[in-house]
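Me: I have a structure open and would like to talk it through with you. Could you take my questions one at a time?

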Amino acid sequence: MNRTVQILTGIWVVGVTVAAFLWLPPAEGFRSPEAARIVVFHVPCAMLTFVAFLVNAVYSWKYLRSRDPLTDSKANAAAELGMLFAILATVTGSLFAMEQWGSAWNWDPRETSIVMLMLVYAAYFVLRGAVEEKSKRARLSAAYALLAFPAMVFLIWILPRIVESLHPTNTLFSRSGLDPKYRITLWSFFAGLLAVFVWMFRLRLRVEIAEARLRRQHRRDTMPEATPAGETR
Amino acid sequence: MNPLLTYMIVPLLIWAGIFGYLFWLDMRLRALEKRLEEEGHR
């Protein structure tokens with residue numbers, strides 16, 4: 001991501017954050033109208049969690065088809081970012097719940113499903129950490145990610161809709177769901193976070209590539225040099 | 001807690017999380033690049 005795009009992204013997200021305070025009115029009808037505005041920050045974090053795990057599944061599938069180590073690195077980077085956004089969505093959601101529902105944690109279906117989701121992807125990192133051999137690790141974690149993906153879809157899109165929940169459903173895409181000012185701010189913040197996601201993803205990938213180069217260099221340095229006769233010196 | 005204060009904490013938490021992660025990545029990348037450079041000279 002070049003410097004200009006980074007600066008524009010920074011200006012955009014700062015602008016949206018300021019607008020959320022100065023332009024967005026408190027939401028009447030909530031127990032705490034001031035704090036109800038938390039949704040414009042909380043929901044985009046939850047949406048980015050889905051996007052990141054979707055990217056993880058896409059690159060895992062690509063890895064199994066191409067066996068290209070770079071796609072495995074991309075899948076890993078996306079899963080790491082998915083976890084970061086899941087944590088942010090959980091923490092901001094708890095603050096919302098504390099103000100609106102009287103308790104930071106209510107074991108609501110969506111709260112429970114995000115905890116399950118984080119456990120599913122924590123197991124992905126445990127799996128990656130447990131296998132030493134690089135290609136085996138990539139293969140196993142890609143297969144696991146493809147199994148985790150339908151579980152993620154079920155936990156995010158289906159489970160909260162089939163049981164009674166404190167969270168409303170179908171508010172993002174229906175015209176009657178959100179006040180226009182809330183919709184504009186929420187989607188603008190999502191756009192800004194998406195740009196930040198791309199930024200973080202690329203930086204994470206550069207770290208993976210640098211680590212791989214260092215490993216290669218170490219292997220080269222520690223390997224005995226071969227003589228023309230095939231003997232080692 | 002004051003609802004307005006709770007509302008103010010939320011974006012701060014998000015940006016602290018994101019910039020914390022970016023900062024950690026940047027530090028790691030710099031350290032790796034330095035090591036690569038050092039080992040390249042050796």
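Me: In what order do the elements of chain A run from the N terminus on?

Reply: They run α-α-α-α-α-α, with helices (H or I, at least four residues) and strands (E, at least two) taken as DSSP runs and numbered from the N terminus. This is a predicted model, in which local features need pLDDT of at least 70 and side-chain atom pairs count only at pLDDT 80 or more, while totals for chains, interfaces and linings use all residues. Residues are numbered from 1 along each chain as its sequence is written, and chains are lettered from A and ligands numbered from 1 in the order in which they are written.

Me: And what radius of gyration does chain A have?

Reply: Chain A has 22 Å, whereas a compact globule of 233 residues would have a value near 17 Å; the radius is taken over C-alpha atoms, and the globule rule is 2.2 Å times the number of residues to the power 0.38. Along its principal axes, the C-alpha trace of chain A spans about 85 × 40 × 30 Å.

Me: Which residues of α4(A) are buried?

Reply: Those are R110(A), E111(A), S113(A), I114(A), L117(A), Y121(A) and Y124(A), where buried requires 20 or more other C-beta atoms within 10 Å of a residue's own, exposed means 12 or fewer, partly exposed lies in between, and C-beta atoms are placed from the backbone. They cover an arc of only 165° around the axis, which puts them on the same side of α4(A), the arc being that of the directions from the helix axis to the C-beta atoms.

Me: What do they pack against?

Reply: The buried residues of α4(A) pack against α2 (39-66), α3 (69-100) and α5 (134-162) of chain A, with a contact defined by C-beta atoms, placed from the backbone, within 7 Å. The face turned away from that buried side carries exposed residues, among them L119(A) and V126(A).

Me: How many residues of α3(A) are buried?

Reply: In α3(A), 24 of the 32 residues are buried, so this helix is largely enclosed by the rest of the structure. Just after α3(A), G102(A) takes a positive phi of about 85°.

Me: Switching to chain B, how many helices and strands are there?

Reply: Chain B has one helix and zero strands, and its C-alpha atoms fill a box of roughly 60 × 10 × 5 Å along the principal axes.

Me: How many residues does the contact take from each chain?

Reply: It takes 22 residues from chain B and 25 residues from chain A. By class, the chain B side has 15 nonpolar, two polar and five charged residues, counting Ala, Val, Leu, Ile, Met, Phe, Trp, Tyr, Cys and Pro as nonpolar, Asp, Glu, Lys and Arg as charged, and the others, Gly among them, as polar.

Definitions and conventions. Contact = placed C-beta atoms within 7 Å.
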